[in-house]
Amino acid sequence: MTSYMPPAERIWWKMPVGRQELVWIAISLVWCLIMFLMMPYWHIYGKQNPATEAYQTTPAKFGARVQEMVEQYQVREESGIPVVKPPAGSDIYMLGRLWQWYPIFELEKDQSYRLHLSSMDWQHGFSLQPINVNLQVVPGYEMVLQITPDQAGEYGVVCNEYCGIGHHLMVGRIYVGE
Amino acid sequence: MAEFRTCPDSGFYFHKSAESLMKVNAVLGVVFLLVAGVLAVGVVLTRWQEVHLLSAEAFYMGLTAHGINALIFWIIFFEMAILHFASSTLLRCRLATPAWAWIGFILMVIGAVMNNVAVFQGNSSVMMTSYAPMQAAPHFYLGLILFAVGALLQVFVFFGTLVVAHQEKTYEGSVPLVTFGAITAAIIAVFTIASGAIILIPTFLWSIGYISHIDAEMYRIVWWGLGHSSQQVNVAAHVSVWYLLAGVLFGARPMSEKVSRMAFLLYILFLQLACAHHILVDPGVSTEWRIFNTSYAMYLAVLASMIHGLTVPGSIEVAQRKKGLTNGIFEWLRKAPWDNPVFSGMFISLLVFGFIGGITGVVMGTLQINLIIHNTIYVPAHFHATVAVGTTLAFMALTYLLIPVLFRREMIFPKLAKLQPYIFGGGMTILILFMLGAGTLGVSRRHWDMDFTGAALGFEYPGMAYTLMAIAAIGGLLAIVGGAIYLLVAVGSLMFGKKLEPSAGFLQSFLGKSLAASVYNTNRPETLPMAPKLSVEEHGSSGFEAPGTFALAMVLLVSFVVYYFINWKYLASVWPLG
């Protein structure tokens with residue numbers, strides 16, 4: 001009857017609000033503030049946070065940096081893609097391009113690395129499986145984040161940002177050794 | 001001279017020009033829903049890995065068109081009809097400048113067709129988001145731009161109609177709550193379309209070679225000012241539809257005009273910040289920016305939705321209790337008209353939007369939790385809960401009301417229509433829940449082959465992921481059947497339904513009212529009076545007027561809290577990173 005009629009009172013904004021609504025608004029507001037505070041809390045005390053460090057770059061510059069690292073630390077090759085074993089604590093560089101993640105890493109468990117990610121062409125999605133960590137990889141931008149693999153094993157890097165007809169071919173790999 | 005008719009079923013006044021515009025906008029919306037629904041078959045049957053129906057090319061083309069037709073064309077055409085209804089019909093006012101609204105409508109049609117042509121020509125399988133530097137054909141962008149300009153014109157006609165109604169004093173007091181909600185949707189729409197213009201015009205110029213470079217990150221940020229805000233237009237619109245249907249079906253009055261309007265105001269102030277939800281794991285944006293924006297400024301827009309979540313069913317409960325359905329805390333709900341698709345559609349829309357869409361949306365929009373959800377199939381699961389059930393099912397429910405009231409036709413296959421919200425809502429809910437599960441296992445969205453056939457390096461998802469995707473697909477097929485029934489009933493009724501001129505209709509039998517014939521005349525409609533006043537004791541009742549709704553709200557809150565912290569716990573188990 002009245003949700004589509006003008007309010008019964010001309011000065012409707014001065015009408016009292018029922019207790020039920022007030023209680024619900026109060027509870028909801030408290031919950032909203034808790035959810036809000038969780039984010040700065042986790043940013044300071046939590047161990048999993050999105051990258052805060054990024055630079056503008058170019059495909060040529062980033063590609064050269066990746067190649068430099070590959071030449072320095074390549075240990076073998078797998079399906080035509082170099083496998084790189086950089087020293088613990090170092091900066092490691094991975095690029096996405098149509099339709100490949102390059103190179104493959106061999107990392108050590110419980111060691112930290114500074115992972116640099118960028119794209120040579122279109123946007124890609126770095127989706128580390130099976131732990132399901134997902135990052136956006138954008139051409140022209142270099143994202144840097146500290147990673148500390150805490151479980152040994154073989155990990156897949158699925159591209160989860162649609163990048164054309166060969167999107168499903170774009171799978172990379174990271175090995176974590178003991 | 002403006003011509004009006006009164007609907008004998010509902011008492012609504014229809015201005016002839018506005019009525020035609022409502023009809024054409026609603027019908028065009030339904031046409032694009034049909035296109036989206038047909039494409040959904042291909043999408044669902046391809047992502048069901050054991051079936052894997054389409055080739056990669058056809059899948060990506062179909063998915064692009066499915067997204068654009070469902071999320072943009074169907075919904076925005078239908079929203080234009082709602083805007084004209086909420087201004088001209090509800091305020092009993094002539095439509096301002098119908099000619100401009102027609103120009104807007106025609107531009108929208110040209111734009112929508114042009115965009116579809118571009119996609120089906122095959123060189124624009126870029127998904128709805130069309131992320132630069134992936135490039136579509138120029139007429140892909142031009143179609144969207146024309147569509148947006150057309151929509152903007154119709155939105156301005158809506159604002160103009162409000163001005164006319166105010167000046168000609170067609171109503172007393174303030175505008176009704178439903179109109180207020182529509183104003184909210186229209187204001188957000190202006191912001192949305194402006195963002196779209198800011199990004200799509202340069203992108204169009206880039207596609208024809210006038211601009212050499214579009215920054216990929218800038219594209220993402222501004223595009224989502226269009227992409228996410230347009231979904232917030234839908235939220236404001238379908239919440240208004242919930243209030244409208246609660247009013248029509250139950251004579252429900254808002255529990256508090258002030259609270260409901262404040263909640264809409266919070267939408268206007270904060271919803272557009274949601275573009276940040278898509279940028280949480282991107283390079284180059286600061287943590288402060290991400291936290292403030294992804295939380296819609298401390299979750300004030302979420303607060304608004306939680307308020308509507310209480311006040312919409314709460315107003316129904318209060319109305320039902322007044323009719324004597326006071327036993328226990330749920331008699332009002334048990335004895336609601338569950339066999340009336342206007343009600344069942346609206347209520348399922350409300351439940352799925354709140355419980356699944358709302359909770360998953362907040363969880364995945366949490367800065368850090370987004371790390372384990374971004375771009376997985378969890379994301380489309382979320383927005384099928386908000387848009388495919390929340391918005392689309394609410395609009396379907398409204399359609400069942402509009403067939404007799406606006407189109408003056410009797411509904412064909414009423415028994416099938418009664419089942420439709422359950423089939424569509426149920427199928428969608430299955431699709432959504434199992435896609436949420438698959439997303440948690442890391443299955444990617446917008447992906448043709450979860451087997452990675454032909455990839456140099458492989459990866460194998462757990463067997464459970466395949467099972468979840470298969471069940472999701474079955475739910476999807478069920479939802480498609482539900483969608484087909486809707487189209488059959490809606491289109492069939494318009495074409496073959498018995499004309500209701502001037503006798504009784506579907507709604508009349510429900511409301512038990514008998515009103516005058518629906519014929520046009522040039523008399524000015526009576527001024528829309530204010531709602532009848534409440535008696536003193538009904539004001540600001542100190543007790544809980546709607547205990548059942550409060551219980552439901554508490555269930556929602558507990559589910560929300562538990563699910564929220566489960567996701568934090570899951571996040572804490574992955575590699576330390578940052």
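## Strand pairing and helix packing: worked exercises

A:L115 stands opposite A:L145 in β10(A). This is a predicted model, where local features need pLDDT of at least 70. Residues are numbered from 1 along each chain as its sequence is written.

**Exercise 1.** Find which strands pair with β10(A), and in what direction they run.

*Solution.* Start with β7(A), residues 113–119: five bridges join this strand to β10(A), and the two run antiparallel. Strands here are DSSP runs of E with at least two residues, and helices are runs of H or I with at least four. Next take β1(A), residues 53–56: four bridges join this strand to β10(A), again antiparallel. A pair requires at least two DSSP bridges.

**Exercise 2.** Decide how enclosed β10(A) is.

*Solution.* Count buried residues (under 20% relative accessible area, 1.4 Å probe, protein chains only). Six of the seven residues in 141–147 qualify, so β10(A) is largely enclosed by the rest of the structure.

**Exercise 3.** Describe how α11(B) packs on α12(B).

*Solution.* Take the angle: helices α11(B), residues 341–364, and α12(B), residues 378–405, pack at about 160 degrees, with axes 8 Å apart. Roughly antiparallel means over 145 degrees, so α11(B) is roughly antiparallel to α12(B). Then sort the contact by class: 18 nonpolar, eight polar and no charged residues.

Conventions:
Chains are lettered from A and ligands numbered from 1 in the order in which they are written. This is a predicted model: local features need pLDDT of at least 70, side-chain atom pairs count only at pLDDT 80 or more; totals for chains, interfaces and linings use all residues. Side-chain values use heavy atoms; hydrogens and water are left out. Axes are lines fitted to C-alpha atoms, for helices over the stretch in contact, and angles run from 0 to 180 degrees between N-to-C directions. Angles under 35 degrees count as roughly parallel, over 145 as roughly antiparallel, 65 to 115 as roughly perpendicular and the rest as oblique. Ala, Val, Leu, Ile, Met, Phe, Trp, Tyr, Cys and Pro count as nonpolar, Asp, Glu, Lys and Arg as charged, and the others, Gly among them, as polar. Buried means under 20% relative accessible area, exposed over 50%, partly exposed in between (1.4 Å probe, protein chains only).
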